[in-house]
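Please look at the model below before reading on.

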Amino acid sequence: MRSKTTPQEDFAKFEFARLLKRNIKYVRREYKKKLTSQNIVDREKATAVYLIDKLSLRAGNEKDAGTADTVGCCSLRVEHVTLDKEKDGQDFVVSFDFLGKDSIRYINSVPVEKQVFKNLKLFMENKQPGDDLFDSLNTTLLNKYLNDLVQCLTAKGFRTYNAFNTLQEQLDLLTKEDMSIPEKILAYNRANREVAILCNHQRAVLKGFSKSMENLKAKIDEKRYRIKNMKKKLEKQLKKLELQATDKEENKNLSLGTSKLNYLDPRIGVAWCKKWDIPVEKIFNKTQRDKFRWAIEMGGPEYKF
């Protein structure tokens with residue numbers, strides 16, 4: 001998808017994410033203080049920021065009239081959230097199920113801090129499924145609060161920071177010095193995949209995906225077959241070279257030619273060649289074949305000394 005931002009805007013966004021990285025401990029410390037605030041609006045802000053920070057949720061409230069019923073963090077309803085004090089061996093689990101931007105369904109279950117769990121439970125008390133989770137919150141209030149913490153910080157800034165941070169961590173984890181270039185490319189795409197999962201960047205499976213994968217697997221099978229055959233061929237060549245080396249080593253101080261020319265009945269060698277389908281030229285060189293032409297022509301596989 002082509003970006004609509006300018007290079008200058010991209011650079012500013014990326015550099016701001018780096019600025020947030022330097023201030024992230026301060027930001028988290030400050031918003032977590034308000035998780036226990038007596039002011040319910042502050043507690044809602046802190047809880048929403050926690051969810052946006054931890055899950056890279058969009059803030060919400062930005063959809064146009066007439067669009068699908070899509071929501072973000074600030075516009076979550078009670079029906080979108082399920083609380084389990086214990087689930088799958090984890091404590092204080094929050095499960096989300098809602099339509100996000102572009103009507104992409106967001107389904108996720110995550111353990112959260114105990115105070116966040118308690119806050120969400122409080123926000124849901126005595127409400128119907130269609131009621132708002134946060135009574136007093138919208139993106140304007142939320143972004144103003146974030147801007148007070150770090151100038152120009154918005155909910156989207158958390159998504160950008162978490163995306164960059166995840167990419168860097170995954171690249172450092174997955175990339176090894178001894179990898180081939182294709183292996184390193186796979187490592188990068190796997191790191192990119194973690195970012196896409198974090199940001200819920202899903203898409204429908206492309207129409208030609210099955211056929212494309214089928215063709216790719218056919219190429220893999222063909223390549224494996226060729227490698228197997230090539231391996232056999234190379235092993236055969238290796239064996240031949242090893243035997244040549246053995247032969248050369250064993251005969252390094254002997255003259256086989258003298259014996260072959262003067263002390264070996266060539267018919268024995270010719271018969272052996274014909275019996276075992278060995279080309280005569282593999283045993284006798286041209287000079288020897290010319291000298292023993294008579295033996296080659298008259299000798300048969302049955303000859304014995």
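The model is a predicted one. UniProt, in an unreviewed entry, lists Tyr263 under "active site". Is Tyr263 buried or exposed? Its relative accessibility is 70%, and exposed means over 50%, so Tyr263 counts as exposed.

The overall form comes next. The protein chain contains 11 helices and three strands. Along the sequence these follow the pattern α-α-β-β-β-α-α-α-α-α-α-α-α-α. The C-alpha trace spans about 115 × 45 × 35 Å along its principal axes. The radius of gyration of the protein chain is 38 Å, whereas a compact globule of 305 residues would have one near 19 Å. Of the 305 residues, 32% count as buried. The accessible surface of the protein chain comes to about 21,600 Å², and carbon and sulfur atoms account for 53% of that surface. Where contacts join residues at least 6 apart in sequence, 59% of them join residues at least 24 apart.

The domain assignment divides the protein chain into domain 1 (7-156) and domain 2 (258-304). How many Å separate the centres of domain 1 and domain 2? Taken over C-alpha atoms, the separation is 91 Å. A further annotation concerns residues 213-251, where an unreviewed UniProt entry places the feature "coiled-coil region". In the model this span is 97% helix and 0% strand, and its end C-alpha atoms lie 56 Å apart.

The strands can be taken in order. Strand E1 covers residues 81-87 and strand E2 covers residues 90-99; the two run antiparallel and are joined by six bridges. Which residue in E2 is the bridge partner of Thr82? It is Ser95. Another bridge pairs Lys87 with Gln90 in E2. E1 and E2 form a hairpin with two residues between them, and Asp88, in the turn, has a positive phi of about 50°.

E2 also pairs with E3: seven bridges join them, and they run antiparallel.

Ser103 belongs to the loop between E2 and strand E3 (105-111). Ser103 is not a glycine, yet its phi is positive, at about 60°. The relative accessible area of Ser103 is 36%, so this residue is partly exposed. A positive phi also occurs at Asp277, again not a glycine, with a value of about 55°. Asp277 is found in the loop between H9 and helix H10 (286-291). Its relative accessibility is 70%, so Asp277 counts as exposed.

Two residues towards the start of the numbering complete the tour. Thr6 lies in the segment before helix H1 (7-33). Because its relative accessible area is 34%, Thr6 is partly exposed. How many residues apart in sequence are Thr6 and Asn165? They are 159 residues apart in sequence, and their C-alpha atoms are 22 Å apart in space. Phe14 is found in helix H1. At 36% relative accessibility, Phe14 counts as partly exposed. Phe14 and Ile52 are 38 residues apart in sequence, with 18 Å between their C-alpha atoms.

Conventions: Residues numbered from 1 in each chain as written. Predicted model: local features only at pLDDT ≥ 70, side-chain atom pairs only at ≥ 80, totals over all residues. Heavy atoms only, no water. Pairing = 2+ DSSP bridges. Helix = DSSP H or I, 4+ residues; strand = E, 2+ residues; numbered from the N terminus. UniProt positions renumbered as here; feature names shortened; annotations may be inferred. Buried < 20%, exposed > 50% of the residue type's maximum accessible area, 1.4 Å probe, protein only. Domains from an automatic or database assignment. Rg over C-alpha atoms; globule rule 2.2 N^0.38 Å. Contact = heavy atoms within 4.5 Å. Areas by Shrake-Rupley, 256 points an atom, 1.4 Å probe, with all protein chains shown as cover.
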